[in-house]
Amino acid sequence: MKVPVIAIFDIGKTNKKLFLFDEHYHIVYEKSATFREITDEDGEACENLDSLRLFVLESLNDVLKIEKYIVKAINVSAYGASLVYVDKEYKPLTPLYSYLKPYPESLEMQFYSAYGTQEQIMLETASPALGSLNSGLQLYRLKYEKPEIFEKLKYALHLPEYMSFLMSGICYSDLTSIGCHTWLWDFKKQDYHSWVYDENLQIKLAPIHSSEEVSSISSIGKTYQIGGGLHDSSAALIPYMVNFSEPFVLISTGTWCISLNPFTDSPLTPQQLRNNCLTHLSYRGKSVKASRIFAGFEHDQQVKRIADYFKVNSILFKTLEFDSEIIAKLEAEGHQKYPSLNPDPLPKVSAFQQRELADFENAAIAYHQLIADLIHLQYTSTQQIISGTVTKKIFVDGGFSKNVIYMNLLAAKFKDMEVYAATMAQASALGAALAIHKHWNTKALANDIIDLKYYSVNKINRL
């Protein structure tokens, strides 16, 4: 008898993956790929959209041929802030521009002169000013810098929505993508911001689609339920929202380390917005307060620096055990002192970037200091969305959840909280599957899909 499964494409900046989950949400199949980046017309690095499209279509075709499985549904989790511009024939008009692409200052000034101060726009859209990371500004840029392409534009689709379109042939706008630092959404009005209507951009955005709804597609005699795609950070929160009703904060770690609090509805303050806080829309359209740091990226860069300096293989750090004596030694030497727990503005990078590696005896000690510095940065970031709430639990998923040094130091820093590592490694993919559970899965939602490991603050005296 064939096993019913859901196929989930999990598209990260580095790794592109396909998972098959059975009805108990166990992974029964996995495939991954990485692609070399290409450059856009300005020489800026960007995603190879052709390679990505081929990966999705060929991988899906392969799993549909596996005899032991019957694919009942398909969905997508992908990184956000990236727009695919398609014409009336639904073909891409431009490269998939990187959200790290510098944004022209003159165009920013033009935008503010027409629509209000930066602080006003930030407060209304619940997002800091992030340049190209505010994907609505990418669409605004296309209109004014490339009017001839803009004229041909049918829809601007966020990447998860475009991935879904490749398989369904239907274009939707998903709330989790619209509601994540795009500057498109007015959180007070719960509608597109007035500037979107003033620029008549709403006609370039596909109809809004619930994250819990699907399109029914028939192909080669089979019918599939296809979700509209979700922004990966919002998807990663879904397994926790499904399993836990008591207030919690999730720290979703990867290239970005994003703290998510779905149990507070207080509006963001100007100070929080200055310090990289924002509000997401959950898969059910509810506000989720978030704070972000680029800690995964910084970790990888600094690990390379440590490995090069001490002439060791960077793989060493993946299995390095936590050593409280090293932390005590670093503290005694004054390395654990920081200017303030709550500076304004908050630093965007850790103190380690200014440290001299010659101050450390070996790579293990330097690495402990790197993680301690990143934890201090994480504390200042996460504390912004915890302060004033009744939250007493922190869950950590993603890469850092497997890092015992990170987890022990995080527990020590948040000594009044319960800190857990989630061993559910594929939270974004699982969340995308759970979002459309009712459309494909005949079983009740399992309550054991997250395996938690508690980290006790008692392992270290203090930080």
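Which residues point one way from strand 16, and which the other way? Val 249, Ile 251 and Thr 253 take one side, Leu 250 and Ser 252 the other, and all are buried.

## About the model

This is a predicted model, in which local features need pLDDT of at least 70, side-chain atom pairs count only at pLDDT 80 or more, and totals for chains, interfaces and linings use all residues. Residues are numbered from 1 along each chain as its sequence is written, and side-chain values use heavy atoms, leaving out hydrogens and water.

Let's look at strand 16 (residues 249-253), where five of five residues are buried. Here buried means under 20% relative accessible area, exposed over 50%, and partly exposed in between (1.4 Å probe, protein chains only). Strands (E, at least two residues) and helices (H or I, at least four) are DSSP runs, numbered from the N terminus. In a regular strand, side chains alternate between the two faces of the sheet.

Two strands pair if DSSP finds at least two bridges between them. Strand 16 runs parallel to strand 20 (residues 393-398), joined to it by five bridges; Thr 253 has Gly 398 as its bridge partner there. With strand 17 (residues 257-261), strand 16 pairs in the antiparallel sense over three bridges. Leu 250 stands opposite Leu 260 of strand 17, and a hairpin of three residues joins strand 16 to strand 17.

## A buried histidine in a loop

His 335 sits in the loop between helix 12 (324-332) and helix 13 (363-386). His 335 counts as buried because its relative accessibility is 13%. Beyond its neighbours within four places in sequence, His 335 is in contact (heavy atoms within 4.5 Å) with Leu 330, Arg 355, Asp 359, Phe 360 and Gln 369.
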